[in-house]
Amino acid sequence: MSAAEAEKLEFFENKVRPLLVEFCYSCHSAEAEAKGKLKAGLRMDSLKGLRKGGDSGPAVTPGDPAKSLIVEAVNYRNEDMAMPPKKKLDDAQIQILTEWVQMGAPWPGSDAAVAGPHGSEPYDWEKFRTGHWAFQPIVKSAPPEVKDAAWVKSDIDRFVLAKLEAAALKPNVSAERHLVIRRAYLDITGLPPTPEQVAAFLVDESPEAFAKVVDSLLASAHYGERWGRHWLDVARYSDGHGGFGDDRALPNAWRYRDWVVAAFNADMPYDQFVLRQIAGDALKENPDPVATGFFVVGPTYKDDGGDPEAKAVFEAETLSDRVDTFSRAFLGLTAACARCHDHKFDPITIKDYYAIAGVFRNTRQKEHPVSPQAEVEAFEAAQAAIRDQDKRVKDFVNAAAKRLEKKPNQVEAVLEEEPKRELSALRMRLDELKKSAPPPFETAHCLQEAGSADMPVALRGDLRKPGEMVKRRFLEIIAGKEPPPFTEGSGRLELARSVAAPNNPLTARVIVNRVWGWHFGEPLARTPSNFGMLGEKPTHPELLDWLAADFIEHGWSLKRLHRQILLSSTWQMSSRFDEEKFTKDGDNRLLWRMNPRKLEAESWRDSLLAVTGELERNTGGPSTDAIWNSKRRTLYIKISRAGDVFESDAFLRLFDLPSPAATSEKRVTTTVPQQYLFMMNSAFMKARAEALGNWMRELPGELSQKLHTAYQRLYSRTAEPSEIDLGAQWLGTNPEPERWHRYAQVLLSAHELIQIQ
Amino acid sequence: MKFLQHELAYRLATQRQLSRREALFKMGAGIGAIGLASMFGSNAVAAEQVSPLAPKLPHFAPKAKRLIQLFMPGGPSQVDTFDYKPMLAKHKGERPGIVDRKTLRNTKMGLMPSPFGFKQYGQCGKWVSDIFPEVAKCVDDITFVHSMHTDIPEHAGGILMTNLGALQPNRPSLGSWLTYGLGAETKNLPGFIAMSPRALPRGKFANWGNAFLPGAYAGAYVNIHEMKPEAVIKDLKNAGLSSAQQREQLDLLAKINQMQLARLEQDQNLEAGIQAMEMAFRMQASVPEVFDVSKESEETRKLYGDSEFAKGCLIARRLVEEGVRVVQLSHSIDGYDIAWDTGHGDIVGGHATLAKACDQGIAALLMDLKGRGLLDETLVVWGGEFGRAPTSEGDKGRDHDHYGYTVWMAGGGVKRGFSYGSTDEFGCSAVENRVHVHDMNATILHLMGLNHEKLTYRYSGRDYRLTDVHGHVVHDIIA
C-alpha cells in the first residue's frame, strides 16, 4: 500500500466512518437489519452495501459525488430523501462525505475488495509478497566492492562502506584500543573490564588479540545475563503484580528468566529458542515446558466479577496480549491491530487474528513441577496419605454421630472411653503424616494444552458478538492462500514450526535486526518489532538479508553472529563527533560512527557495584526485591508489571526500564533531574561511594598514584594530569575519610561511567 | 508576580521555538522535542538542547493553560449529587424498560429515590444535592455534563479509560500527553503531579504513566496524607550534606563532566545530563517550598478548611501557580482505592461522608482560583470513572452504571452556570448530547490548545493518540 493510499484510509477512519456510525448506522447497518430496523434496504456499513444501494439506487459511485445519492441526501436536496432525518449535518461534515466520494470512496480491509483491483480478496496479496521488503524471500547477495579495501575486516564492512562511499562519507577511524575493549566488555557482559584485563589486551600485539577477548567474553556466564536481559524486554518479563485484574504474583517467573540466560549461554540455535518458547511443552522429544514461561510471564487479566461485559473484555485483553507478543516478538508484525477489523496497513485479516488467538484460547497456565520426579512422587504420595487419613477421622466421627444421634461437632463430649482412644489414635496418625510430609516440590509457570476448538471472529473485538468461525492456522501472508488448519491439539507446536521454518521470511530478519540494534544502539530497521508498512525500512537491506541468510546457513547461532559483528571495522569504529559528517547524517543512518549511548539501568548499577569491588557474581535463582541491599546483578532484582510494587521498580523505571505491560522493541533513553537526585542523595550511592572511597584511601602510594589507580578501575584509562590536579586540589592534604567518600561519589556519578563510548 | 514571570518565560520560550514548530505543523507531524528529534535526526536538536519539559507552543490559542483534575474513583452516583431526578420518587420501586438492561449490573431491584434533599442554587437555578452545599454555591461558574458514558462498568478498566483513554495500562495518561504536547512552565518542578490522601486510585501509577512516551512526562506522585514534600520526588534530600557542601561537590562533578565533553566535542546525552544535574540541585529547595501550605494566609487556610482533601486542593493551586501543567488530585478516605464504591451498600453513609470530606476544599479551590484571576486559564474537571444506577442494590445502595453519569468542569474556557446533555428521566442512561470519555478527553485537549487528532507519538511504527481513533470535541460547552 502506498503512503497516499494509507492516508486516504486514515481519512476514512478518522473522518468518514465516525459520521456513518453516528448518523447512519441506526437505520442502515447489519445491526439495524438484525433488529428489523433497516430502512430503504440500504446498508451503509460496507462499501459493497453503499455501491449496491437501496430502494432508490446506488448510494455511492466512487469518484463521482454528482452521481452519489449519499451526497444528494445529506445536502437535503430532495425532500423525500433528506438524511439524516433529525437534523442536517453541518457544512464541514457534508464536505467530508463529498470529499470522500470524490477520492474514490476508499474503504479499508475486506470491503476494499469491491473498489479495489483484487477481486474478492481483502488485500492484493501478491503485491505485498513481491512489493514489501519484509515479505520477500531472504536473498544473500554478494558483498559489494568498495574503494577503501584496507578498511574492510569482514563482509559486514563492505555493505556499510559501500553506502558511505556512495554518500561521500568516510567511516570514523577505529576507537582507541582501551575504548574498544571497554566497549566489548560492556556490550557482551554488561560489566566493565578490570584494569588487569585492559592491560593484558593492550600488551597483546597478536592479530588475534581482540578475537581472543571476544571469545572469552562469549564464553563467560555473564554473556547470558546481559543478552538474556535484552530478550526479557521483548518477552515483557516481570515477576507479576500488574494490578487491573492482573495482580497475581509470579513467584516462579525467575525459572523462565534462568532458562533464557542458559539458552543464550549454551548458544541454543535461535530456531530452537523460538520453538521452545512457543510450544516447548508439546515437543515429543525432550519437552521443555519452562521455556513457555515466555507467555505466562505476561498479563493475564481476570475481571472482578459481576458483569459479562467485563468478563469478555478481560479475556479479550489477555488473548490480545498473547497475539501481540507472539507476532511482534517473533515476526515483527502487529497482528493485534487486526483484533477488531482487518489490519489497516498490513496484510493481516481479522481472521488471521482469530486463527492465532484460537491457538492460545486452547492453552492454559500450569504449575509444572521442576523438582526431580522422585520428589514430586514422594510429595504426592504423602499428600494422598494425609487425605486418606483425614477421611478416616471424619468417617469415624460421622459414624459415631449417627450412632449417638448427635451432630458431628457434639460427638467428642459424649464419646465413650474406647472409641475416644481410637479417635485420638487416628488423629495422632494424621498429625504424624502431616509432620513427616516432604515440602511441596518446586514448579515453574508453564503452558499446557487445554483443547482443540476453533473460535469465531469477535465482531469489533467483542467476544460476546461472535461472527464467522475461523480455523486455527498460520498467517495467510506467509503461509499462502487458505493455509492448512492446525490439527494437533491447540496447534501451538504447528504455530511454532511455522515461525521457526527457514523459509519464513521474517523470523531470521527480525532477530538479526534486534541483535544488531543491541550492539549498535540502533537496529538496521529502526522499528524492530514492526516490519509492516508503517515500520521503518532497513537502512541497509542487503546487509540485513546477508546477515539473516548467513545466520540460517550457520545453524541460527547467535554467538557466531556476535563474533561476526564485533570483529568488523564497523563495530570497532570510534563514536567521536565529527561536525562535517554530523551535518550530512546526524542520525547516523549510514553508520559513519558507533552510536554514543548510555548504559541501561541494569548495566549501570552492575558497573557501580563492579568498580567498588562489591559485585556478587553468582548466577541464577529466585528474584529479590532487596535492591538496595543485594549486591547481585540487577537481572536478579524483582520487577512488577505495574511498576509500583517493589523498591526496585522506582529505580528501574527512573533509568528507563521499559514497562513490562507489553513487549518492548527498544529502550528509550531519558535524562531527567530525578536521576541526578538519585546520584546525589540516595543511600545506595552513598554506600557505593563509601566503599570506593575507603578502597581509594587505602591504596598504596601518593595521592596522585591513588587517583591514577582509581581512574584505571573506573574508566579503563589513564587519568590526565589536569584530572589528577583537580582531584588533588579538591581532596586537599590528608583528607578525612568522609571527604574521600564525597569525592568517590562524584567519580561514580560522572557521565563517563554511564556511557558506552 | 511569580505567575507573571512564568508567563513571560513561557512567551519567550514559545517564540523561540516558533519557527521550528511551524515547520513541523506544515509537515503534519507530531509535536515536541522528541518528535522533532525523530524527524530530523539529531541535527535539529543538537544545536540547541531542548529540555523535554520546556514550554511548547500549542496547535492553536488555548482557552486553558493548566488542568486540575479532581478525580473521584469508585463512581459517584449522579442522581445523588448533581443530576436531579424527581421522577425517581414518583416511580419508586418500579422497573421501567430503561433500567432493565442485561449488562447493567445488579439492577433486579426497582428505582430508588435519592435519600438526599435537593435545592436550587445560583442564578442558573441548578439543583444540587444537600451533600454538596459548598460546591452548590459555585454552580454559576460550572458546566455540568450530564450525558457522560463509557465502555465498561468495572473499576480497573473504567479508571484506566478515564485517565488513559484505553482499557490497557500500557498507554500514556492524559497528563502525560498534555506535558508531552505543551511542556511545563516550571523549571523546578515536574510538569505533571498526581496526589491523593492515603490510597492511590486503583491502577496506581499507571493512571499517570508515560507508557511509551519519554519518562519526563510521567506524573510524579505525592501522598498528601504523609505530606512529606520530599516524598514527591525520591531522594530529594541529602541525609548528611549542607547545601553549600553539596554545591561544592556538584561543582566538581560539573568540571569532570565538562572535561569529558571537551574530549568528545559533542555528546547530546552528556549535555542534557549537565542541565539535568543543575535542575536537580534547584529542585531540592523549590519542591519543599511549594508543598508548604503554612506560607498561606490564615484567611486562605480557613477558606479551605482542615480536611486532607482540602489540603490537596490548596497545594494544587500552589502547583499550578508555579507553572505545573497538570495536577490530578484523587479522592480517598480510609485508604480505599475506589472511595466512591462505598455506594454499593449504603448511599447515605458512603456518599455523604465522601462528599463532606471534599466539598469545602473543592469550593475553596474554585473561589480561590477565581479570586486570584487564575480560574479563567485553569480548567478544573470533577468526576469519576462512571456513575451509579438509579435502581437499588440491596436496601440502600447502588451498583455501577456506565451508560450515563455526570462530570463537571469549571474555568478554563467552559461556559458558566451551564448544563449540557441529559440522562433519561430516571438518570440511568445518557440520551441527549451524549459525551463519551474520548469526547471529554478530546475536549480537554482542545481547551488546552491541542488538536486530539494531531497530538500523536510514533511508537513501534504506529502513530498513537490519547483518543485512539475516536473523540469529538464538544464545542457546545466552550464559552
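Into which domains is chain B divided? In this predicted model, chain B consists of domain 1, which is assigned to residues 66-227 + 297-477, and domain 2, which is assigned to residues 234-290. The C-alpha centres of domain 1 and domain 2 of chain B lie 39 Å apart, and the contact between these domains draws six residues from domain 1 and six residues from domain 2. On the side of domain 1 of chain B that touches domain 2 of chain B, two residues are nonpolar, one is polar and three are charged.

Chain B also meets chain A, in a contact to which chain B contributes 57 residues and chain A contributes 61 residues. On the side of chain B that touches chain A, at least two residues each come from the helices α3 (43-47), α6 (155-164), α9 (243-264) and α10 (268-290) of chain B, and α9(B) gives the most, with ten residues. Sorted by class, this side of chain B holds 27 nonpolar, 19 polar and eleven charged residues.

Within chain A, the axes of helix α9 (residues 177-189) and helix α10 (residues 195-203) come within 10 Å and cross at roughly 130°. Because an angle over 145 degrees would be needed to count as roughly antiparallel, and 65 to 115 degrees to count as roughly perpendicular, α9(A) is described as oblique to α10(A). The crossing of α9(A) and α10(A) is right-handed. In this pair, A:Arg177, A:His178 and A:Ile181 of α9(A) meet A:Val198, A:Phe201 and A:Leu202 of α10(A), and the residues of this contact comprise four nonpolar, one polar and one charged.

Key. Residues numbered from 1 in each chain as written. Chains lettered and ligands numbered in written order. Predicted model: local features only at pLDDT ≥ 70, side-chain atom pairs only at ≥ 80, totals over all residues. Contact = placed C-beta atoms within 7 Å. Helix = DSSP H or I, 4+ residues; strand = E, 2+ residues; numbered from the N terminus. Nonpolar A, V, L, I, M, F, W, Y, C, P; charged D, E, K, R; others polar. Axes fitted to C-alpha atoms, helices over the stretch in contact; angles between N-to-C directions. Parallel < 35°, antiparallel > 145°, perpendicular 65-115°, else oblique. Left-handed = near helix turned anticlockwise from the far one by under 90°. Domains from an automatic or database assignment.
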